[in-house]
Amino acid sequence: MESSNQFSSTPPRAPGGPRESRRHTPKADMSGLYQRAVKEAFIKLDPRITVKNPVMFIVWVGTIVTALVTFNPNLFGNVPDTGLNQQIFNGLITFILFFTLVFANFAEAVAEGRGKAQADSLRATRSDTVARKMLPDGSVQEVSSTDLRRGDQVKVIAGDMIPSDGDVIQGIGSVDESAITGESAPVLKQPGTDIASSVTGGTRLLSDELVIRITSDPGKGFIDRMIALVEGAERSKTPNEIALTVLLVVLTQVFLIVIATMSPLANYVQSPTTIAILIALLVALIPTTIGGLLSAIGIAGMDRVAQFNVIATSGRAVEACGDINTLVLDKTGTITLGNRLASQFIPINGYSEQAVAQAALAASVFDETPEGRSIVRLAEEMGATVDFDRNAAEGVEFSARTRMSGTNLPDGGEARKGAVDAVKGFVRSRGGTLSADLDAAYERVSRLGGTPLAVCRNSEVYGIIYLKDIVKPGLRERFDQLRRMGVRTIMLTGDNRITASVIAEEAGVDDFIAEATPEDKIDVIRREQAQGKLVAMTGDGTNDAPALAQANVGVAMNSGTQAAKEAANMVDLDSDPTKLIDLVAIGKQLLITRGALTTFSIANDIAKYFAIIPTIFAAAGIGSLNVMGLKSPQSAIISALIYNALIILALIPLALKGVEFRPLTANQLLQRNILIYGVGGVIAPFIAIKLIDLILPIS
Amino acid sequence: MFQGWLQIALTIALFVALAPTFGGYMARVYLGHKTLLDPVLVPVERILYSLTGTETKEEMTGWKYARAILYSNVAMALLIFFLIMNQGWLPLNPTGLGAPTWDTALHTTISFITNTNQQHYSGETTLSYGSQMLGLGYHMFTSAATGLAVGIAFIRGLTGRPLGNFYVDLIRSITRILLPISIVGAVALILLGVPETLAGPVVVPTLENPALSQAIARGPVAHFEIIKQLGENGGGFFAINSAHPFENPNPATNLIQIVGMVVIPSAFIYTYGVFANSRRQAWLIYSMVLAIYLLFVTLTAIGEYQGNPAVNSLLGSVQPNLEGKEVRFGWAQSALFATTTTGTMCGAVNSLHDSFMPLGGFVLLSNLFLQIIWGGQGTGTAYLFAYLILAVFVTGLMVGRTPEFLGRKIEKREVVLASFLILLVHPIAILIPGAISLAFPETLSGISNPGFHGLSQVIYEYASAAANNGSGFEGLADSQPASTGLWWNLSTCFSLLCGRYIPIIALLLLADSLSRKQPVPMTVGTLRTDTFLFTGVTAGVVLILGALTFFPVLALGPIAEAFQIAKGG
């Protein structure tokens, strides 16, 4: 097991590198996306598919009716001869309505296509492999990975693909998870440990042998669920989407009534109109813009989550991210880098700082832990040098019993660093004396929230090394942003109050819980929820599972245990706890995009009314309401319809990309978005319809 | 001219000034706090509770509250229908009137039970004093109190309280609010010259020819009149309603009538502010309604003040439009009365709405369509907040959270109820029967004016019924024995019932569903609804949603008529 040693000293994989570089794999293949989407857009004209979208279904029915009156304009009663070729005009309306449908379908198809591309690259990891299933009698049988069931045990040998999600129950080995996470460094897997015992199907074992207990049935693994979600196949509408659909359906019904009753009204005032015109008006008024883009927005939202390398088990969870009031974050690994690093040497007993650095360096040259390396780095920065022959010296490893580590020097001297009490005992045992200076320095560091390590050489204490928790860079700004969005952050840590308060202050979290136990985590979630708040948290250990299940949004780390992943509603393949913050933004962006396009869609109707009503009822003498000065009723209707169709096409990129989200307060966001999508939605169609009217070669 | 505008301004200032005091009083009544009349009323109420077996502590759910309303309304409707159909042999019938046709009785019953008081009959020649006092007068109290009960139950739900008990709310609305004010108001009207007598009509010789005689109708008018206004009922004792010199003899009674009809709905918004503990929001919403109301009053008044260009060209000078108006009220008080009565769902009239200029017709119709420019008794305020909920839903998404109002999430159920209530009931109850009537103008509608004005008349009639307003644009042959009377009676019954009970049930269920929600604490990420910005957004949503539904009929009705008149047609 040589190879495993090499990994055991490797620190747990830290989520490193700039955020952008981690939005990477699986690289989806987007070539041919649009061609496929165009084809798909026509296939989706099948009424069995269209009927699922009530708003667009009305357009579908309208298209059929206008097509009928194209062939026979007098089908629904005689149309008065106005010198206009009704067939050409109706045909034109039919043509535009048809393309309105195609454009809406295209939007959905592009979103689905992007999801599918994403899914395909995920699915590539799922190729059918041969698994060595272990039978109860101990023998091994070769089966297809798709035949594995939950609870089966399989043996995996170096070079094999791991056939399905599972827990390591025997053996230690290194696994290449780059197919999922894009992280090239192999990860050590072994049984028992919370963090490292779970493996994901589709990853490859690089060394040794593992026995794995399968934890999911085929097609039910995390990847499978994600594939289903991003493809849109199993996409069930989220609560908010359903509520919005209700509003759109009611609006559609209102306009159906308005249009259906318009004919007798128009006839009564001797300003009759035709069925084709009424259908054109109906389609212009019903919220086709948002109706056509709604599903694309939802699918694109899931896709964005997938691009972030997060697997969400439902769209509901993604939406809930936007509503989060409180983030519960572990200190270690989430807020701080996970390792304390040396930040200062504090001399005592009249020694110089330089001398402390020298002693600390001597005590740390063999210490390969991140703390040890940071001490060496700091000491060398201060000009300390190794003043003995390294090869002749011998490292003393840290142990739980001695709580010290250090170096036995070639000259018989002993350099040690460690917990202050331990070092005190060591010095006493070597006949040294202790001064009050040491305790004073110890307390000072403790008060600052740091970890004091005493450094001694032989019987002399030189000073204290101030080990400090390092808050991840940029976190403070992100917490500020969250606060501006009204999201509170609570830090949980096993540290004592003083230490916790210093880190909390430095990271800029709103609250913290010191000396926290896993039970505290679930308590704090319940307490927040009792106040009506939605809580999100991350976790990886088995003892986090109840809290992950309790939280409204629980994000499990892919490196975490199977229990944690089962309890969570999202799994982060990169195991980067700070991603929760991005998820909040994605959730909000999803809702904002829906709201913005709905507002835009409704606001557009004003211009459409002003374009169509005055012109078609010109006989009623309300032509002066034609404020846009459109050329003729025909041109007005065709222009409004063309706008109506093109706006869907024009807004596809926005629907897919999402409205740009800025961390502003609700009121600032409302102000901004009302201005752009509300007021803009009123004005834009006036200009656009007028321009189309000018360009159109219809008199 | 200045005098007219001053009259308008002072009247408005008066009821606005009353809002906080009166609204605060109503809040105390419904919160069960001590009020001035407790020593007298507590024993009375206790007797009523024990007589009716009302368990005062029992909190009702939305459905239970709605059922209580439906049952009691059906029971009361049967009573009044029986009373009208049998008035011929019942007492208090000095003129010896027989029973009206069944459809007139049915329409009158439904019209009064729904707090609409749309009248397809002439009071003085159709109904006995007994039917007027015991039937209609009784319903003027109970239907108004029902509206108040719904309004307060809705506010309770909105602010996270249990909805309360319908019977207690009904009784308290009458004993604490409607009855005391009515008593004082009736005495004031009597002092100002409104008759109150059980004696029959006076028969006098005519001035022109003493050989001929004329019967002057009178009756127990004063007490009927005050609750007609205060309860936003609007059903006149006489056919011509508040234009009649016995109902509304002078500008002083006119002032009482205008303030009477708007004081409750205007103060009710303040009552909400007390319940929600957010007077700021109450005042913002109040200002929004007031602003639209001021705009509407101004538009109507300008239209009437400028008069009819066709008439002006004959006169050779610009004169106010006084056709269909009482000279003692003039253009200003007529315009103010008309705008207020259509906005508040009172439906009393002191001038003929049919004769208003198209600008006025546009405003009066818009008032009926929107239903919130003060709105009906209790229900108007509830509508206002249903609009607010829709505005929160549409725009609230844009701040990136599930929209919430007063900390309560607006989800599918709330959107279903609010959008149905605000958007769908009205088109169903107005446009569908309106279109049917207009499709058969000869056989069904009997319209006096063809063209755009006739369209306005028909749509107005259904809008008035659906909004539970009750005023008429008039000009329709909607009364028996006209051949079209039956159609009008029955088709408006459909609009009356749709416009009253579907919204009441929806409002109560909406309140119920909101009251059960766990409130979410406010953060900076929460969309604040008590800001100037959001109030402005709500006004936009109200006008746009209202306009989207009714722009075509407004365009083909008053707007087309306005262009026609401007052209000199």
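Which residues of chain A does the UniProt annotation "binding site" (unreviewed entry) cover? The views below begin with that annotation.

**About the model.** The structure is a predicted model, in which local features need pLDDT of at least 70, side-chain atom pairs count only at pLDDT 80 or more, and totals for chains, interfaces and linings use all residues. Residues are numbered from 1 along each chain as its sequence is written, while chains are lettered from A and ligands numbered from 1 in the order in which they are written. The model has an ipTM of 0.94 and a pTM of 0.86. For chain B the mean pLDDT (the predictor's confidence in each residue, from 0 to 100) is 92, and 100% of the residues score at least 70.

**View 1. The annotated residues around Asp367(A) and Met404(A).** According to the unreviewed UniProt entry, the "binding site" covers Asp367(A), Glu371(A), Phe398(A), Ser399(A), Ala400(A), Arg401(A), Thr402(A), Arg403(A), Met404(A), Ser405(A) and Lys417(A). UniProt positions are given in the numbering used here, feature names are shortened, and annotations may be inferred rather than shown by experiment. Asp367(A) sits in the loop between α14 (353-364) and α15 (370-381) of chain A. Helices (H or I, at least four residues) and strands (E, at least two) are DSSP runs, numbered from the N terminus. Asp367(A) counts as buried because 21 other C-beta atoms lie within 10 Å. The cut-off for buried is 20 or more other C-beta atoms within 10 Å of the residue's own, for exposed 12 or fewer, with partly exposed in between; C-beta atoms are placed from the backbone. Apart from neighbours within four places in sequence, Asp367(A) is in contact with Gly372(A) and Ser405(A). Contact requires that the C-beta atoms of two residues, placed from the backbone, lie within 7 Å.

**View 2. Met404(A) and its contacts.** Met404(A) belongs to strand β14 (residues 404-408) of chain A. Met404(A) is buried, with 21 other C-beta atoms within 10 Å. Leaving out residues up to four places away in sequence, Met404(A) touches several residues, among them Phe398(A), Lys417(A) and Phe426(A).

View 3. Asp540(A) lies in the loop between β20 (535-539) and α21 (545-550) of chain A, and Asp544(A) is found in the loop between β20 and α21 of chain A. Asp540(A) is buried, with 26 other C-beta atoms within 10 Å. For Asp544(A), also buried, the number is 27. Asp544(A) touches Pro518(A), Lys521(A), Gly539(A) and Ala564(A), not counting residues up to four places away in sequence.

**View 4. An open sheet in chain A.** Three strands of chain A form an open sheet in the order β6-β5-β8, with antiparallel pairing. β6 (187-189) and β8 (204-205) of chain A stand at the edges with a single partner strand each, so one side of each has no neighbour in the sheet. Strand β5 (residues 173-176) of chain A pairs with β6(A) over three bridges; strands pair if DSSP finds at least two bridges between them. Ser174(A) has Leu188(A) in β6(A) as its bridge partner.

**View 5. Where chain B meets chain A.** Here 56 residues of chain B are in contact with 58 residues of chain A. On the side of chain B that touches chain A, α15(B) gives the most, with 15 residues.
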